[in-house]
Amino acid sequence: MSTPYPFTAVVGMDDLRLALLLNAVSPAVGGVLVRGEKGTAKSTAVRALAALMPDVDVVAGCRFACAPGAPDPACPDGPHEAGPGVARPTRMVELPVGASEDRLVGALDIERALAEGVKAFEPGLLADAHRGVLYVDEVNLLHDHLVDLLLDAAAMGASYVEREGVSVRHAARFLLVGTMNPEEGELRPQLLDRFGLTVEVAASREPEQRVEVVRRRLAYDDDPGAFAARWADEEATLRERIVAARALLPQVELGDAALRQIAATCAAFEVDGMRADIVMARTATALAAWAGRTDVREEDVRQAALLALPHRRRRNPFDAPGLDEDKLDETLEQFGGDDEPDPEPEPDPDGPDGGPSGGGAVPPQGQGPDAPPPAEQPEQPEQAEQPEPSAAPSPGAGAGEQAAVRAAEPFRTKMLSVPGLGEGAAGRRSRARTEHGRTTGSRRPQGALTKLHLAATVQAAAPHQRARGRSGPGLVVRRDDLRQATREGREGNLVLFVVDASGSMAARQRMGAVKGAVLSLLLDAYQRRDKVGLVTFRGSGADLALPPTSSVDAAAARLERLPTGGRTPLAAGLLKAHDVLRVERLRDPARRPLLVVVTDGRATGGPDPVALAGRAARLHAADDTASVVVDCETGPVRLGLAGRLAVDLSGTVITLDELRADSIAGLVRDIRNTGNTGSDSRRAA
């Protein structure tokens, strides 16, 4: 086994280290979600935590890590008799993003269950993680069906495996730790709320700190064993402190004053439900134990709020997580109690309570066994946060360019889908053959059997019972008899937006409405688990403002900064979209695209721009790309150019008003279509 990077050798990232240590002290806190850009040692810090966790006592030979003093009465390996058990290290179990359902929850041998009535169960990762740590790297990319299983296990503390009436249950209580890069997409709100704490990490901008990171990493890569040995004393000290804090935790008192502050803080920030209050209470208690105290103070409540509330304040996927610290301080001061004890003297920095964020044994920046002598650094002036640079300007966009217009309020949109039956990644938009959904038929399994079609299996085995010498009530089943259920559900698609940002769209009220419509479609794409991309055209060319990604909020940010003005190179936008989709078909052939063109249909620039746009549109039609044209034309006189574009695309056209799910115009059109269909069917009869 490779030597893990020492936890105490991690440079900086005080909040991340503190959040992980608090969960080591009190697993009831509920885990940690680590958000941050790539290359910030998120995974390194999480994997290093396992070496600090105290050993656990388990029943000898039990595959489900039952506690010797209180074994699970429903354990598949039970019943167990009370006994001393054996000690083993706490497990850090990693869940790969592409894992199958059977790998997560375990697998039943259906053949033996049908033929012999035996529950032959192979435990999965949830069983391995019981009483340990379940770590999911890139948790925001986890498939929906795995997320659902995680939510069920986290809520019930147990995992259930059911296959055609044969069921197995085992305990599954674990510390859930996830890491993610927000640029690759956000996390489902249900799973987000299951993480007790959240931490934002970013690479340091201080040269000296970056130098120390590189120095330590190179030393570790050259000789992991020797590097770990140099940090062994710090690791042992920190491990002892975790054990001491765990022992002190039951003695910590959470007074009424602290409880009032917790409740008032959660109410002031309008968080949903009561889980935030409970997590804050447990976190504040763990903070007091970590500091070696038996009382919870205001600073504990404040730190608990900073760790437990930011990810619970999001009202939609476009809201950035965060907390107004001035508002937090005002709330704590307003509801501060008078029954707090007098503050104790400041602890010795070298004593058990020293170190950053209460992390006594965690070396501060620049310290450690192999750190260079400290050098005086001039005080750095506080820098204001710089906004993200906007997308590169379009070619020829200098003249007549107008500032970005704020988007109108988003609304619930109509369902747009790709016709036919796909086989893409699970989602909520278009019909597809999936592992989950309604059963539509059966087939012979290709590889391991995952979903048994019981009736088809019995039907396949029945004609051979006499030849197989059946003599009892049991059915003699062979592997060739097994049938896999085929199911139909929904898939996620690639929704590529092509947005007209030319001068014809530049009226403020009009462009605000257009942005609001695209923002609404982005929100719909987030809810339906789609990938999204954004192409804009204006001036003399088109830009790929956002390559296809799962990060819908990144698309929303690019859309918000989108300026307008210039000519209308509609053909250039369609050709750029065609190039993007051609590349994406090579990367992910199973994911079907949906092209959404937001324009009034006008085209300018060059000889015969309308005909050129028509030829570009017919390229998409030749590729059988599903397309929708959102007609932005307004006013009493309308040219109907968007409708002509939709014909060239072999797609459909819909107005901004009809895009709304509650649109009266859209409702009338649906009723007319239904009536026409009924008339046609009556005439056919």
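Predicted model: local features only at pLDDT ≥ 70, side-chain atom pairs only at ≥ 80, totals over all residues.
Okay, a definition to start: two strands pair if DSSP finds at least two bridges between them. Strands themselves are DSSP runs of E with at least two residues, helices are runs of H or I with at least four, and both are numbered from the N terminus.

Quick housekeeping. Residues are numbered from 1 along each chain as its sequence is written, and side-chain values use heavy atoms, with hydrogens and water left out.

Let's go to strand β10, residues 175–180. Six of its six residues are buried, so β10 is largely enclosed by the rest of the structure; buried here means under 20% relative accessible area, exposed is over 50%, and partly exposed is in between, with a 1.4 Å probe and protein chains only. In a regular strand, side chains alternate between the two faces of the sheet. For β10, one side has L175, V177 and T179, the other has L176, G178 and M180, and all of them are buried.

Who pairs with β10? Strand β1, residues 32–36, runs parallel to it over four bridges, and M180 in β10 is the bridge partner of R35. Strand β7, residues 133–137, is also parallel to β10, with five bridges; there, V133 sits opposite L175.

Now a different sheet. This one is open, with three strands in the order β12-β14-β13 and antiparallel pairing.

On to rings. Searching the whole structure gives four aromatic pairs, where Phe, Tyr and Trp rings (six-membered ring for Trp) pair if their centres lie within 6.5 Å, and planes under 30 degrees apart are stacked, over 60 edge-to-face, the rest tilted. One of them is Y5 with Y220, edge-to-face at 5.1 Å centre to centre and 70° between the planes. Y5 is in the segment before α1 (14–25) and Y220 in helix α8 (residues 207–222), so this pair ties together parts 215 residues apart in sequence. Y5 counts as buried at 10% relative accessibility, and Y220 is buried too, at 9%. Y220 also pairs edge-to-face with F227, at 5.9 Å and 75°. Y5, Y220, F227 and W231 form one aromatic cluster.

Charges over rings, then: NZ of Lys or CZ of Arg has to be within 6 Å of the ring centre and within 35 degrees of the ring normal. R660 lies over the face of F411, 4.0 Å from the ring centre, and R529 sits over the ring of Y526 at 5.9 Å.

Last stop, the cores: sets of buried Ala, Val, Leu, Ile, Met, Phe, Trp, Tyr and Cys joined through side-chain atoms within 4.5 Å. The largest has 62 residues, and L16, L20, M280, W290 and L309 touch the most other members. Helix α12 (residues 275–290) gives the largest share, ten residues. A second, separate core has 38 residues, including L416, A501, M505 and A525.
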